[in-house]
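Hello,

Here is the structure I promised to pass on. Please have a look at it before you read my notes below.

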Amino acid sequence: MSDFVVGIPIGIAIGIAIGISIGIAIGKKQKPWSELTEEEKKIRKIAIGAGIVILLLGVIVNLWLFLT
């Protein structure tokens, strides 16, 4: 087996584990959406949007590197 075939599942598993642990750590300190002020809601929406953009850029770069 090549390093690529072995590395992808290991990388995915590590990414999922890190994502879940960060999500749990951050989620404990968050207030419910209904209790946020308008400013906090705006900041949260910007953070979610930035995260989605970064995720999409990562997928695009990964596909580009895979296909070249």
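What follows is a short tour, from the whole chain down to single residues.

First, the ground rules. This is a predicted model, where local features need pLDDT of at least 70 and side-chain atom pairs count only at pLDDT 80 or more, while totals for chains, interfaces and linings use all residues. Residues are numbered from 1 along each chain as its sequence is written, and side-chain values use heavy atoms, with hydrogens and water left out.

**The whole chain**

The protein chain has 2 helices and 0 strands. Both terms refer to DSSP runs, numbered from the N terminus: H or I over at least four residues for helices, E over at least two for strands. The radius of gyration is 17 Å, well over the 11 Å that the globule rule gives for 68 residues, so the chain is more spread out than a compact globule. That radius is taken over C-alpha atoms, and the rule is 2.2 Å times the number of residues to the power 0.38. Along its principal axes, the C-alpha trace spans about 50 × 25 × 10 Å.

How much of the chain is buried? Of its 68 residues, 3% count as such. Buried means under 20% relative accessible area, exposed means over 50%, and partly exposed is in between (1.4 Å probe, protein chains only).

**Charges**

There are 7 positive and 5 negative side chains, and the centres of the two sets lie 4 Å apart. Lys and Arg count as positive, Asp and Glu as negative; His and the chain ends are not counted. Each charge is placed at NZ of Lys, CZ of Arg, CG of Asp or CD of Glu.

The structure holds 1 salt bridge. The term means a side-chain nitrogen of Lys or Arg within 4 Å of a carboxyl oxygen of Asp or Glu. Lys31 pairs with Glu40 here, their closest N and O atoms being 3.3 Å apart. Lys31 is partly exposed at 37% relative accessibility. Glu40 is also partly exposed, at 30%.

Now look at Lys41, in helix H2 (residues 38-67). Lys41 is buried yet has no salt bridge; Glu38, the nearest side chain of opposite charge, is 4.0 Å away. Leaving aside neighbours within four places in sequence, Lys41 is in contact (heavy atoms within 4.5 Å) with Trp33 and Leu36.

**Some single residues**

- Phe4 sits in helix H1 (residues 3-27). Phe4 is partly exposed, at 47%. Its C-alpha atom is 21 Å from that of Leu55, 51 residues apart along the chain.
- Ala50 belongs to helix H2. Ala50 is partly exposed, at 37%. The C-alpha atoms of Ala50 and Lys29 are separated by 20 Å, with the two 21 residues apart along the chain.
- Leu65 is in helix H2 too. Leu65 is exposed, at 52%. From Leu65 to Ile20 the C-alpha separation is 26 Å, and they are 45 residues apart along the chain.

Best wishes
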